[in-house]
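Subject: Structure for your review

Dear colleague,

Please find below the structure that I am handing over to you.

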Amino acid sequence: ALLFGISRMAAAPPAKKARLGVQPEDLRIGTVVVYHGTKRGVVIEAFAALNQFWLRDEQTGEKVRKADGSMANFSADSLKFPPKGAQAEVRLTLIGNEAHMATILRRFGAPDTNVRKDVQMFLALPCELLACGPLCGPYKRDNVASCDEATCSILQGAAADDAIPEGIWKLAKSIRPDQTDSISLRPFGLKEVLEELGSDVTKMTDYYCLTVVSLPPSEADIKAADPQDREDMQDVQCHIDLNDSARGPILVEDEGSFEKSVQRVGRQTVGIELPLKLLDEQAQLRLRKKLGVENLPVHYKMTSISKGFVVVIPNELVTVLGNDKIIRLEGAKALQAQEREQKAKVLAAPPKRLLRTAKPGDDSALPEGWERCISKSSGKPYYFHAKSQTSTYDIPLPPGWTKEVSNSSGKVYYFHAKSQESSWYRPLE
């Protein structure tokens, strides 16, 4: 089963600590600032030790004065930095079936609960739940809590199975101790994208949307950031957020190709190789027509220089995790042919050894040192290794062996990476 979310909700923000916006040491003669809310000015005199600054208006060139004609002086906390220039960005929303998402989640592995990362973990949310409720407000970057717990199906879906581990919550609270009592899960960047996609995405039953879980930056990160970014990091990026599948800048190396940008951010963030044939707009439109979601856009514009791409992976394609940890999409027939060819090679090759295996359904035959026991409290069987003092409810495998699932047949098999041995039956050595 896939993991889908968490049940915490956004609460009113606590009383703020001292702001980490403009600091006196950030200001010097020539610094451009915003004063009186919306006006842009330039610092012409600066006394950081006294936290006093004088400006001229950037548009008129005149010194900023009070109503009585005297020079107006400003403190650092009364000023803001103008927003940084917009950067060309590509955003990816990846939609696929349960098997596709399972491969991605398996590749990523268990989330790190000790160190903050750009991608803390992935969640796969059912597409039919990707809609806000009637009491939810529209996306606004500075609106900390815009969704209503009782009516938002995104948050209700994210409450299933407590998908976000408790360790993630503890890490987020340790990163932002000022938010300990109110830190919450928000459909943040995801909500921004869904407002571009429209309602057709909710018609995609048996499909899932890949979302990134992001944690807030620490106070040390905020202090070390560019002054223009501090206020947003302090007051906006202060919760656990659900975002779209991947995003990144459009680079020169992409040669002006939007599709190449999508491929790059897909590889870097998700670890998936998206073929250009799949990214072809006509191919995506045909797939949408087949699924009855013609109104689901292929592309959408976030700004004049930033675009998003909604990639739907068809059921006919199978996700295959390679030895290089990159997920590739293969046609099911081609993959079955590859497995038949590999099986023929294995059968034709001289056997390395006669592998000792358990009979199907026999859970009493165990690797050396293991014994089957019965729990006194639950009555359930478990397995105990006396030498290592290890116990498990799963039938143990010998060292080096892993349990896998065939991409073509869906059957369980066992694989030893070092010896390259495989077996349909559970190994005992």
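Predicted model: local features only at pLDDT ≥ 70, side-chain atom pairs only at ≥ 80, totals over all residues.

Cysteines

A disulfide is a covalent bond between the sulfur atoms of two cysteines. The structure contains zero disulfides. For a disulfide, the two sulfur atoms would have to be within 2.5 Å. Cys 209 is also buried, with a relative accessibility of 2%. Cys 238 is buried as well, at a relative accessible area of 3%; the cut-off for this term is under 20%.

Helix 4

Helix 4 spans residues 188-197, and eight of its ten residues are buried, so the helix is largely enclosed by the rest of the structure. The buried residues are Phe 188, Gly 189, Leu 190, Lys 191, Glu 192, Val 193, Leu 194 and Leu 197. You will notice that Lys 191 and Glu 192 are among them. Just after the helix comes Gly 198, which has a positive phi of about 80 degrees.

Arg 40

Arg 40 belongs to strand 2, which covers residues 39-47. Its relative accessibility is 37%, so it counts as partly exposed. Leaving aside residues up to four places away in sequence, Arg 40 touches Val 32, Val 33, Val 34, Tyr 35, Asp 57, Glu 58 and Pro 82. With one of these, Glu 58, the side chain of Arg 40 forms a polar contact of 2.6 Å. Arg 56 is 16 residues from Arg 40 in sequence, and their C-alpha atoms are 8.8 Å apart in space.

Asn 73

Asn 73 lies in strand 4, residues 73-74. This residue is partly exposed, with a relative accessible area of 34%. Its contacts, again not counting residues up to four places away in sequence, are Gln 52, Phe 53, Trp 54 and Lys 66. Asn 51 is 22 residues away along the chain, and the C-alpha atoms of Asn 73 and Asn 51 are separated by 9.5 Å.

Yours sincerely,
A colleague

Note on methods
Residues numbered from 1 in each chain as written. Heavy atoms only, no water. Buried < 20%, exposed > 50% of the residue type's maximum accessible area, 1.4 Å probe, protein only. Helix = DSSP H or I, 4+ residues; strand = E, 2+ residues; numbered from the N terminus. Contact = heavy atoms within 4.5 Å. Polar contact = N/O pair within 3.5 Å; in protein donor to acceptor, adjacent residues only side chain to side chain.
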